[in-house]
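This report describes one protein chain and the ligand modelled with it. The sequence and structure come first, and the description follows.

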Amino acid sequence: HVLIGFCSESDQEGEHYRQPRSAPIRSPSSSDKNSVKLKFTDIYNKDLCGKDQDCQDNFIVPEESAIINSNPPNWPGEMGSAYLPPDHLLEESKARFAENMFDIAVSDRIALDRAMPDIRNENCKAHSKFNHNLPNTSIIIVFHNEGNSTLLRTLVSIVNRTPWRLIHEIILLDDASVDREYLNEPLQRFIETLPVRTILLKNEKRLGLISSRVKAAKVATGETLMFLDSHVEVLNGWLLYLLEEIQKDRTSIVCPIIDVLTYDAFQLLHGATDIFGTFSWKMIFRWSKIPGLTANNAQPISTPTMAGGLYAIDRLYFEELGMYDEGIKIWGGENLEMSFKCWMCGGRIVIHPCSHVAHVFRKETPYKFLEHESIFVTIFKNYKRVALVWLDEYKELIYAVNPDIKRLDGGDVSSRIELRKKLNCSSFRDFLDRFQLKNFPFNHRFIGSISTSSRRCLDSMTGPDISKGLNTQVSAQACHAEGGNQIFLYTTSNKIHFDELCLEPNPEKASNQDIILTLCNDERNQQNWEYDQQTSQLKNEFYQGQCLHVSGNSDVVLARCDTNKPSQKWSFNQEVQL
Ligand code: LR7
Ligand code: MN
């Protein structure tokens, strides 16, 4: 396994380092001069085993020390280290950042075949032997305006860290990239040097990620499909764990841990391995912590939803599930569609904590969606389709919290409703039940706005991303009756929810406590508010004699209960019936 990058000595800022010419086809004019010959070896190849029977019969994930790597360890980014642009790169780095919303100048200096650490936990390392009869896979990578070196590094990492016999093919689909010459001829020439079958397809017109994936899946002929983003680096052993889960149960969607490559330094940061995917009342995907899971867990984690970009699935099962809803434009919501569909129609989704794929998290989205509407409108229309088809009565809650989703027309969904019938899927309620998703109503008495007698409503004040709203103050705002951040849920255990956050007197204050939203916790009586029907007060169960109170215009605080105060008289205005 010999990896050769041409390199040049440089001596900048008094610091000695050898700079690999890692992006072979950086620009059309320099393509030939810069072209790099990478030599590939299948590290899982039987011929390397010698007499070792275990290795003859199985794929053995190599130990870190056994991974031969010829790059000098002080090259930029080796072993996933951070590479911040030195002075002479700053100009290029700044000028080109917006092309991809990650630092392509930095990426260009990092070897395409940089070494990466083996970040699997000990129990995962103990499970490093896989039978040769795993199903093979078609790796599908769709991209729009992808950076050159990030795309090539994705490919090189795959070739260097995957048994070639399991790669039935790699399908690259260029979703109508604009003005990126390196994605044409030069990319075609590069893939011809790869030792695994790789094809490059192109959309004449932009289709978006979702329809493009469907198109690629229809071309694919492998036993399984492996979807990847176009700026990732797969890590040691990654695919084997995923395929083994599909072999055990073909109705599985199997996701790797998504590790982070930083957009400014391409540094590898370990992704959490004790989380699963959920989603908010605004239909935004997010991660939640699983309490009590050990860092050494090597068992697949059932997850209600997935991030969507990286997963393996049996090819025919993907078809049976109706692939994706192609009414979903560009992307957004498709990961929830796939998640709900899979669970509700008899499948399962797991995250395998031993499989690691690192993904470049951009600073923001660098490309436009559709010409005629904003990104948000497109995404909300996508959400509307998912809500209409899969959410049953729970869509009312989604509509209340994001009235735009209710208002916008997502188009005809009849064929997707047909699909749901045909697959004989269970209810959304069953799906919620299975996972006991705490932010969704189970034991609720009420969903709607909560107001004082002077028409001030509790307002969560959080932006579209609730995860940024942790420990933020709630406020009392003029009631607007438009739902959104004034929708709360009052449970039979006396908690007042906004999504999975609960109202609680700020625990960091000893007196004059303001009221914040913090993660709901069954064990915290501080979050329990008993409603007194007679006096209309909300009494805190932990702080005896203290009530929810509006001070001044908008400050929501904990104050001594006083039946004479109108600012302590609360009423519930039911806005969502479930
Ligand atoms: O029109 C388009 N055509 C495309 O081919 C727009 C995008 N794309 C490609 C693009 O080149 C990239 O390969 O689609 C892929 C995803 O787009 P990104 O990388 O700009 O967005 P992202 O990384 O935020 O994407 C995440 O969210 C999307 C919306 O739901 C999709 O589900 C992506 O697959 C998803 N990526 C991941 O899950 C990787 C881990 C990130 C997280 C969480
Ligand atoms: Mn991405």
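## Terms and model

Helices (H or I, at least four residues) and strands (E, at least two) are DSSP runs, numbered from the N terminus. The model is predicted, so local features need pLDDT of at least 70 and side-chain atom pairs count only at pLDDT 80 or more, while totals for chains, interfaces and linings use all residues. Residues are numbered from 1 along each chain as its sequence is written, and chains are lettered from A and ligands numbered from 1 in the order in which they are written.

## Overall form

The chain has 16 helices and 29 strands. Its radius of gyration is 27 Å, close to the 25 Å that the globule rule gives for 578 residues, so the chain is as compact as a globular protein of that length. Here the radius is taken over C-alpha atoms, and the globule rule is 2.2 Å times the number of residues to the power 0.38. Along the principal axes, the C-alpha atoms fill a box of roughly 85 × 60 × 50 Å.

A residue counts as buried if 20 or more other C-beta atoms lie within 10 Å of its own, as exposed if 12 or fewer do, and as partly exposed in between, with C-beta atoms placed from the backbone. By this count, 47% of the 578 residues are buried. Two residues are in contact if their C-beta atoms, placed from the backbone, lie within 7 Å. Among contacts between residues at least 6 apart in sequence, 74% join residues at least 24 apart.

## Domains and core

Domain bounds come from an automatic or database domain assignment. For this chain the assignment gives domain 1 (7-94 + 102-360) and domain 2 (444-574). The centres of domain 1 and domain 2, taken over C-alpha atoms, are separated by 45 Å.

A nonpolar core is a set of buried Ala, Val, Leu, Ile, Met, Phe, Trp, Tyr and Cys residues joined through C-beta atoms within 7 Å. The largest such core has 144 residues, of which Ile-139, Ile-140, Tyr-311, Ala-312 and Ile-398 touch the most other members. Domain 1 and domain 2 each give at least three residues to this core. Apart from residues up to four places away in sequence, Ile-139 touches Ile-158, Ile-167, Ile-170, Ile-171, Met-226 and Leu-228. In soluble globular proteins, nonpolar side chains tend to be buried together.

## Around ligand 1

A residue is near a molecule if its C-beta atom, placed from the backbone, lies within 6 Å of it. Ligand 1 is surrounded by 23 residues, and the closest are His-144, Asp-175, Ala-307, Gly-308 and Gly-309. Two or more residues of this shell come from each of strand S5 (137-143), helix H8 (208-219) and H11. H8 gives the most, with three residues.

By class, the shell has eight nonpolar, ten polar and five charged residues. Ala, Val, Leu, Ile, Met, Phe, Trp, Tyr, Cys and Pro count as nonpolar, Asp, Glu, Lys and Arg as charged, and the others, Gly among them, as polar.

Helix H11 covers residues 334-344, and eleven of its eleven residues are buried. Among them are Glu-334, Lys-341 and Trp-343. Gly-346, which follows H11, has a positive phi near 100°.

Ile-328 lies in the loop between helix H10 (315-320) and H11. Ile-328 is buried, with 27 other C-beta atoms within 10 Å. The C-alpha atoms of Ile-328 and Ile-210 are 6.9 Å apart, although 118 residues separate the two along the chain. Gly-332 is in the loop between H10 and H11 and is buried, with 25 other C-beta atoms within 10 Å. Leaving out residues up to four places away in sequence, Gly-332 touches Thr-378, Ile-379 and Asn-382.

Ile-253 is found in strand S10 and is buried, with 27 other C-beta atoms within 10 Å. Beyond its neighbours within four places in sequence, Ile-253 is in contact with residues including Met-306, Tyr-311 and Cys-342.

Phe-266 lies in the loop between strand S10 (252-261) and strand S11 (268-269). Its phi is near 50°, a positive value in a residue other than glycine. Ala-481, in the loop between strand S20 (475-478) and strand S21 (488-491), is not a glycine either and has a positive phi of about 55°. Are these two residues buried or exposed? Phe-266 is buried, with 28 other C-beta atoms within 10 Å, whereas Ala-481 is exposed, with 12.
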